[in-house]
Amino acid sequence: MKKVFPAFVVLMILVLLYAVAVKWFTDPDVAMVLDRDRLRTDSLGFGMDFLWGASTSAYQVEGNCTNCNWSQFETSLDPHGHPRIAHGQKCGLASDHWNRYKEDIQLLKELHLNAFRFSVEWSKVEPEEGVFADSVLDHYERVVDELHVNGIEPLITLHHFTNPIWFERKGGFERDDSPAILARFATRVVQRLGSKVRFWSTINEPNVYAVEGYVRATFPPAKHDPAEAIIVFRNLLRAHTACYQAIKKIRPEAQVGLLANIFLFDPPERWNLLDVMLAHYLNTALSVSVIDYLTTGVFDFSLPGMGREHFDTGVPEAFDFVGLNYYSRLVYRFDPFTEEKMVAVQHLRREDLTDKGWEIYPEGLYRALHMISSRTPKPIYITENGIADDSDLRRAGFIEDHLLVTNRALHDGMNVKGYFYWSLLDNFEWTDGFDVRFGLYAVDYATQKRTLRKGSVKYREIIMQSDKWLH
Ligand code: GCO
């Protein structure tokens with residue numbers, strides 16, 4: 001009996017330590033349940049100043065962006081001789097938004113929207129280093145004027161994945177002077193448009209740019225260089241701070257934010273410590289590090305197998321809001337026998353997936369909002385949330401569930417001030433080309449005809465219902 005007792009105690013202590021470790025590394029919101037019934041009984045009021053919007057990006061919708069890293073990339077082949085873009089597609093005229101922006105602004109009005117997020121194409125504004133095309137800035141000023149005439153608030157993104165070829169050839173964001181180069185561009189744009197534009201987002205998804213371009217090699221410059229990825233990630237965040245300071249110098253009243261992509265990582269089972277730790281390190285390195293950078297000015301990155309970096313800009317709180325781009329989560333288990341040391345796990349039905357194969361997971365939006373609001377009281381704008389759904393059978397439910405979750409987050413005290421659906425139009429979805437359809441409006445690329453999808457009407461219904469709750 002005496003021999004058994006110590007062994008039993010040791011075993012109990014080990015089990016207890018294991019349980020404590022699992023709890024320590026587990027996201028506290030992982031058990032959040034979307035109670036549709038309770039949510040629907042809540043008022044759907046979102047507040048008088050809530051921004052109801054849709055988002056696009058220049059390269060994906062404008063057409064004729066021919067002087068940037070992506071226009072170059074889409075003509076190249078991968079190491080296996082395959083085209084970089086599905087079926088060798090080219091962006092070309094895209095959704096011809098450059099020429100049809102007045103028509104597209106009427107679509108925003110048709111949906112009862114009061115805000116529009118779009119990006120200015122750096123390679124068109126600054127086609128050669130230090131040479132700025134006033135005619136291009138004239139165009140964007142006409143877009144802004146047209147939005148105001150129609151009572152729609154512009155939110156301009158300065159950098160959305162694309163670089164002018166001259167910048168890419170110099171090394172892009174691998175360069176330590178890249179923040180100053182981007183801030184010079186930002187200065188020129190804000191000098192021209194700053195009196196008419198209140199909301200600015202500096203950089204779209206620094207983590208995605210760094211990981212896709214330098215780890216997974218699916219985006220330009222298509223490198224497999226994790227160490228370089230961390231430098232690029234750091235320089236993009238530094239560039240955000242440089243742009244923030246440049247904008248505030250010209251327009252102190254401007255509201256300036258960074259667009260954080262939070263794609264949650266979860267373990268297949270919540271009792272497996274290695275899988276729970278993997279999810280924790282990925283969420284911390286790729287998402288929490290961005291929010292912490294904004295509040296502290298310190299880039300603290302550490303991901304086993306990728307590397308670590310600590311960089312203090314000495315500029316905390318260089319932001320007025322956080323833009324949240326949320327889509328879904330990825331479920332991975334740790335696997336030491338694979339190159340990436342992790343393997344995706346997914347056993348979901350087709351109806352629970354988008355056309356990009358992402359899980360439809362509205363609870364994750366609540367978790368992502370909490371990840372931000374637990375670190376800063378500043379406003380959050382959901383600047384991208386949408387579904388690739390060519391059948392349009394899941395779009396209405398997707399929109400309703402994610403707006404119900406947004407409403408629940410508001411009721412739980414989170415400072416959510418707007419929602420921008422991705423995207424207003426079907427567009428060029430990077431390496432998927434035109435194969436996936438995110439648009440509230442379908443686009444027939446042969447005729448450029450826009451058609452409102454039935455599933456998109458739910459968005460307008462909720463917006464108008466929200467207005468009802470306000471009065
Ligand atoms: C991104 C970009 C968008 C995408 C959208 C759908 O997150 O990659 O911001 O350009 O098109 O997110 O994937």
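Strand β12 (residues 380-384) pairs with β13 in the parallel sense over 3 bridges; here two strands count as paired if DSSP finds at least two bridges between them, and strands (E, at least two residues) and helices (H or I, at least four residues) are DSSP runs numbered from the N terminus. Within this pairing, I382 has Y419 of β13 as its bridge partner. Strand β1 (residues 51-55) also runs parallel to β13, joined to it by 5 bridges, and G53 stands opposite F420 of β13.

The model is predicted, so local features need a pLDDT of at least 70 and side-chain atom pairs count only at pLDDT 80 or more, while totals for chains, interfaces and linings use all residues. Residues are numbered from 1 along each chain as its sequence is written, and side-chain values use heavy atoms, with hydrogens and water left out.

Turning to another sheet, three strands form an open arrangement in the order β6-β10-β11, with mixed pairing. Its edge strands, each pairing on one side only, are β6 (264-266) and β11 (342-344). Neighbouring strands of this sheet are turned by 40° against each other on average, direction ignored; axes are lines fitted to C-alpha atoms, for helices over the stretch in contact, and angles run from 0 to 180 degrees between N-to-C directions. Parallel pairing over 3 bridges links β6 to β10 (residues 329-334), where D266 stands opposite V331 of β10. Helix α12 (residues 273-296) packs on the sheet and touches β6, β10 and β11, its direction making about 130° with that of β10; contact means heavy atoms within 4.5 Å.

And what surrounds the ligand? Its surroundings include Q60, H160, F161, N204, E205, Y327 and W358, as well as E384, W422, E429, W430 and F438, a residue being near if one of its heavy atoms lies within 4 Å. Oxygen atoms of the ligand lie 2.7 Å from a polar side-chain atom of Q60, 2.5 Å from one of E429 and 2.9 Å from a side-chain N or O atom of W430. Taken alone, the ligand exposes 320 Å², of which the protein buries 95% (accessible areas by the Shrake-Rupley method, 1.4 Å probe).

Terms used. Polar contact = N/O pair within 3.5 Å; in protein donor to acceptor, adjacent residues only side chain to side chain.
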